[in-house]
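Here is a friendly walk through one protein model, heading by heading. Please keep the viewer open as you read.

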Amino acid sequence: MTGDSTTPRPAGLRSWLREHSELGVCVLLFVLGVLVLTDALTMSVDITQRGPVGPKTVPVAVGTGLLAVAVLLAVDVLRGGRGEAEGGEDVDLGEPADLRTVALLTGVFLAFAALIGPLGFPVSGALLFWGSAYALGSRHLDRDPLIAAVLSLLTYFVFDDLLGVPLPGGPLMGVL
């Protein structure tokens, strides 16, 4: 059989890896699945656990799911499957990042982390919600702090009272 000039030449390893770059996601998912399963299976469980569903159930299910998705995605990629580009995204990749917004959001999150201990969640959470809205462009200085305070108090009550997840109340601990 003679070589035909229309048949593609065998691609090098670098070219093959570029064409199958989604395999990197498969490797990441596989490693995460192994880590989750290892951590779940080596978890010490109290012998007085009641019922068939214990603290290992969800991590084992998530780890198994990660491994299954990694393998199925790898098979799809090796069979020629390709991910589609985001069609509805209108981001101009030629424009530089908005570093001012990123810096403001970073400052707001760091302030929240520093203030949650001394001020408690209701106050620091309100500052987090209001600061995030301001950093992302909202300039309703009369309405945004009120909405942030309501959101923060609602979040505090849902977690602290309904879900039983204790959040620091700070100086408002006796009032709330």
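## T106 and its helix

At 41% relative accessibility, T106 counts as partly exposed; the scale used here calls a residue buried under 20% relative accessible area, exposed over 50%, and partly exposed in between, with a 1.4 Å probe and protein chains only. T106 lies in helix α4, which runs over residues 99-135. Helices here are DSSP runs of H or I with at least four residues, strands are E runs of at least two, and both are numbered from the N terminus. Along the chain T106 and A135 are 29 residues apart, while their C-alpha atoms are separated by 9.7 Å.

Before going further, a word on the ground rules: this is a predicted model, so local features need pLDDT of at least 70 and side-chain atom pairs count only at pLDDT 80 or more, while totals for chains, interfaces and linings use all residues. Residues are numbered from 1 along each chain as its sequence is written, and side-chain values use heavy atoms, with hydrogens and water left out.

## Two serines in α4

S124 also has its place in helix α4. With 1% relative accessibility, S124 counts as buried. Which residues does S124 contact, leaving aside its neighbours within four places in sequence? They are F112, L115 and I116, where contact means heavy atoms within 4.5 Å.

S132 belongs to helix α4 as well, and its 15% relative accessibility makes it count as buried. Not counting residues up to four places away in sequence, S132 touches L105 and V108.

## The chain as a whole

Zooming out, the protein chain has five helices and zero strands, giving the pattern α-α-α-α-α along the sequence. Of its 176 residues, 20% count as buried. Among contacts between residues at least 6 apart in sequence, 56% join residues at least 24 apart.

The accessible surface of the protein chain is about 13,100 Å², and 68% of it belongs to carbon and sulfur atoms. Accessible areas come from the Shrake-Rupley method with a 1.4 Å probe; for residues, only the protein chains shown count as cover.

Helix α2 covers residues 23-41. Its 19 residues reach 27 Å from the first C-alpha to the last, close to the 27 Å expected at 1.5 Å a residue; the expected span is 1.5 Å times one less than the number of residues. The buried residues of α2 are L23, C26, L29, G33, L37 and A40. Seen down the axis of α2, these buried residues fall within an arc of 110 degrees, so they line one face of the helix; the arc is that of the directions from the helix axis to the C-beta atoms.

On the other side of α2, V27, L35 and D39 are exposed.

## Helix α3 and what follows

How does the span of helix α3 (residues 57-78) agree with 1.5 Å a residue, and what is that span? Its 22 residues should span 32 Å, and the end C-alpha atoms are 32 Å apart, which agrees. In α3, the buried residues include G63, L66, A70, A74 and V77. They cover an arc of only 70 degrees around the axis, which puts them on the same side of α3. The buried residues of α3 pack against α2, whereas the face turned away from its buried side carries the exposed residues V58 and L72.

Just after α3, G80 takes a positive phi of about 110 degrees. G81 is found in the loop between α3 and α4, and at 17% relative accessibility G81 counts as buried. G81 and E22 are 59 residues apart in sequence and 9.5 Å apart in space, C-alpha to C-alpha.

## One salt bridge

A salt bridge is a side-chain nitrogen of Lys or Arg within 4 Å of a carboxyl oxygen of Asp or Glu, and by this rule the count comes to one. D144 forms a salt bridge with R143, the closest N and O atoms being 4.0 Å apart. D144 is buried, with a relative accessible area of 9%, whereas R143 is partly exposed at 43%.
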